[in-house]
Amino acid sequence: MSNSVNKPIYNNDISSLFQNEGFELVVSMDCEGTNYDKNLENNVLNLERFLKLATNNNITCILFITPYFADMLSKLNLIDKIKENYKVIFGLHIHPDNLPEDIASKCSFIRPDEEYLASYSYEQQKQIINLCMEYLDNKGIEPIQIYRGGCFSMNEDTSKILEELTDIKYESHNPYREQYTPLNGLLNPMPVYALSRDEELRLEFFTTEKLQHMVSEAYDKGTKTIAITHSYMLDSNDFHYERDAIIDDIHARLEKILETIQEKSTVPKIAN
């Protein structure tokens, strides 16, 4: 009898992304903790809705997970379900000012107002990364295949530590952000689709129409495109929507983006 019952349905190997010619879309999500998310449980409860929409449209989601988010996934018994039912790749996400007590208590050097990992020394970063990786692994969130710093914070030390300490071979970033200064050539870069420091294909930015236009342009250029969003937007009633006057939640925005891609893919090409 086959022993495949508990194996994931999908081969979620990050090296398999972007292997085809032409435009391809991947959606990444920074899965935050209590620093940005005061509605953590409700947002996590809406994660499957987002993953289902993406998976049903053959879109892979990269989840960059903080320890606090991992805690909630575990509490709600969602980790195995996500691994077995959706096109998901796990990544590591760190805000050093927002770590569970189990980690923070072992890092007496942490400054409560410092959210950039790269602001710490080599040895301090190494300790934080090691503890966060162990924390996620103990929750069953593995394999971790990619790293993205909180606020894209990453420097040469971060690159060296990830290469030395983990099996991570990829990192993701906005190349225009001043907090991003990696050691080139050590990890494979997977940048988000960004035209400038503040103009990213971010599902909670801009209007839905502008996001559709950005995707349309990327499609026409045949660009390998990584969109970005944040877990604190998963609950359609989260306070961020009213506070920031955001029309359409990220589920509706993803749906509109997928409609744009479908429309582009069915338009006949004009012969030269």
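Reader: How many of the residues of strand 9 are buried?

Author: A residue is called buried under 20% relative accessible area, exposed over 50%, and partly exposed in between, with a 1.4 Å probe and protein chains only. Strand 9, residues 224–230, is mostly covered, with six of its seven residues buried. Strands (E, at least two residues) and helices (H or I, at least four) are DSSP runs, numbered from the N terminus. Please note that this is a predicted model, in which local features need pLDDT of at least 70, side-chain atom pairs count only at pLDDT 80 or more, and totals for chains, interfaces and linings use all residues. Residues are numbered from 1 along each chain as its sequence is written, and side-chain values use heavy atoms, with hydrogens and water left out.

Reader: In which sense do strand 1 and strand 9 pair?

Author: Two strands pair if DSSP finds at least two bridges between them. Here strand 1 (residues 24–31) runs parallel to strand 9, and seven bridges join the pair. Within strand 9, Thr229 is the bridge partner of Met29.

Reader: Which residues have the most contacts inside the largest nonpolar core?

Author: A nonpolar core is a set of buried Ala, Val, Leu, Ile, Met, Phe, Trp, Tyr and Cys residues joined through side-chain atoms within 4.5 Å. The largest one here has 70 residues, and Ile65, Leu73 and Ile128 have the most contacts inside it. Helix 6 (residues 122–138) gives this core its largest share, seven residues. Another core, of 14 residues, lies apart from it and includes Phe64, Ile89, Val192 and Ile226.

Reader: Where is His173 found, and is it buried or exposed?

Author: His173 is in the loop between strand 6 (170–171) and strand 7 (180–181). Its relative accessible area is 4%, so His173 is buried.

Reader: How far apart are His173 and Pro189 in space?

Author: C-alpha to C-alpha, His173 and Pro189 are 7.7 Å apart, although 16 residues apart in sequence. Contact means heavy atoms within 4.5 Å. Leaving aside neighbours within four places in sequence, His173 is in contact with residues including Pro189, Met190 and Val192.
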